[in-house]
Amino acid sequence: LAAAYGQTHLVTPHLDKFASTALTFSRAMVQFSHCSPSRNSFLSGRSPQRTKTYNFINSFRDKGVGENWTALPEFSKNNDDYVAGGGKVDHPGRPPNNDFPRSWDVYFKPNGDDGGCRENETIYSNVCPSDEPLSSFYDWVLANGTVAQLELASSMDKPFFIAAGLRRPHRLW
C-alpha cells in the first residue's frame, strides 16, 4: 500500500501486492471535520447536508432522511457479495446495530461490543508503550477479526466487501 501511494521509505510487501490488484483511492477526502458525519457520508454516498448528520447522535437512517437509501455495504450485499464489517465503520449505534443485518452478513465487534478491550480505554486515550499483551488492545483484536473474515471470504466462490473501522489514530482535533 505504501508503494501504491508513492511512500517508498515504507516496506509493506503484502499490502503492496494486495494494492496491485485492489481498488485504491488517490484522492480521498473527508467532507466534515468530525468522524460521524464523515462516516455517514461515506457509507451513504451523500453529503452531510443530505444525511442531516452533524453530530454523534443522528445517522442517515433517521426517519425522514435516508431510511430507504442503499448504503455502500448494502449495495454489495444486494448483489450477492459476502459483506462483513467490524469495529467503528459506522459511529457506534448510528445507525442502530451498525445497520446489521440490512447492510452486513456479519458485523463483528472486539469483545462483543464497541467498547475498548483495556480498562478505561477510550478512542482518545494516549497511544503509549505498554507491557500489556497485544490482545488487550481494541484495534489488535479487530485486526485479527478482520483477517479471519478475509480468510473466510477468500474461501468463498464470490466477491466480497469487508470493512474494518480501526479506532487509532483518533484524536480530539
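Guide: Let's start with a word we'll need: a residue is buried if its relative accessible area is under 20%, exposed if over 50%, and partly exposed in between, using a 1.4 Å probe and protein chains only. Of the 173 residues of this protein, 35% count as buried. What you see is a predicted model, where local features need pLDDT of at least 70 and side-chain atom pairs count only at pLDDT 80 or more, while totals for chains, interfaces and linings use all residues. Residues are numbered from 1 along each chain as its sequence is written, and side-chain values use heavy atoms, leaving out hydrogens and water.

Visitor: How many helices and strands does the protein have?

Guide: Helices (H or I, at least four residues) and strands (E, at least two) are DSSP runs, numbered from the N terminus. Here there are 5 helices and 3 strands, and along the sequence they follow the pattern α-α-α-α-β-β-α-β.

Visitor: In what order do the strands form the sheet?

Guide: In general, strands of a sheet pair through backbone hydrogen bonds, either parallel or antiparallel. We say two strands pair if DSSP finds at least two bridges between them. In this model, the 3 strands make an open sheet in the order β2-β1-β3, and the pairing is parallel. On the edges sit β2 (106-108) and β3 (160-165), each pairing on one side only. From one strand to the next, the twist averages 10°. Strand β1 (residues 82-87) is joined to β2 by 3 bridges, and A84 stands opposite V106 in β2.

Visitor: Which helix packs on the sheet?

Guide: That's α5 (residues 138-154), which touches β1, β2 and β3; contact means heavy atoms within 4.5 Å. The direction of α5 makes about 175° with that of β3. For such angles, axes are lines fitted to C-alpha atoms, for helices over the stretch in contact, and angles run from 0 to 180 degrees between N-to-C directions.

Visitor: Which residues of α5 are buried?

Guide: They are Y138, D139, L142, T146, Q149 and A153. Seen down the axis of α5, these fall within an arc of 80°, so they line one face of the helix. The arc is that of the directions from the helix axis to the C-beta atoms.

Visitor: What about α2: why is it described as largely enclosed?

Guide: Because 9 of the 10 residues of α2 are buried, this helix is largely enclosed by the rest of the structure. Its buried residues, including C35, P37 and L43, pack against α3 (48-51) and α4 (72-78). After α2 comes G45, whose phi is positive, near 75°.

Visitor: And which residues make up the largest nonpolar core?

Guide: In soluble globular proteins, nonpolar side chains tend to be buried together. A nonpolar core is a set of buried Ala, Val, Leu, Ile, Met, Phe, Trp, Tyr and Cys residues joined through side-chain atoms within 4.5 Å. The largest has 10 residues: L43, F60, W69, A71, V83, V89, W104, Y107, F161 and A163. Apart from it lies another core of 6 residues, among them Y82, A84, Y138 and A153.

Visitor: Last one: where is H34, and is it buried or partly exposed?

Guide: Look in the loop between α1 (13-21) and α2 (35-44). H34 is partly exposed, with a relative accessible area of 38%. Leaving out residues up to four places away in sequence, H34 touches Y54 and F56. H34 and F56 are 22 residues apart in sequence, and their C-alpha atoms are 8.8 Å apart in space.
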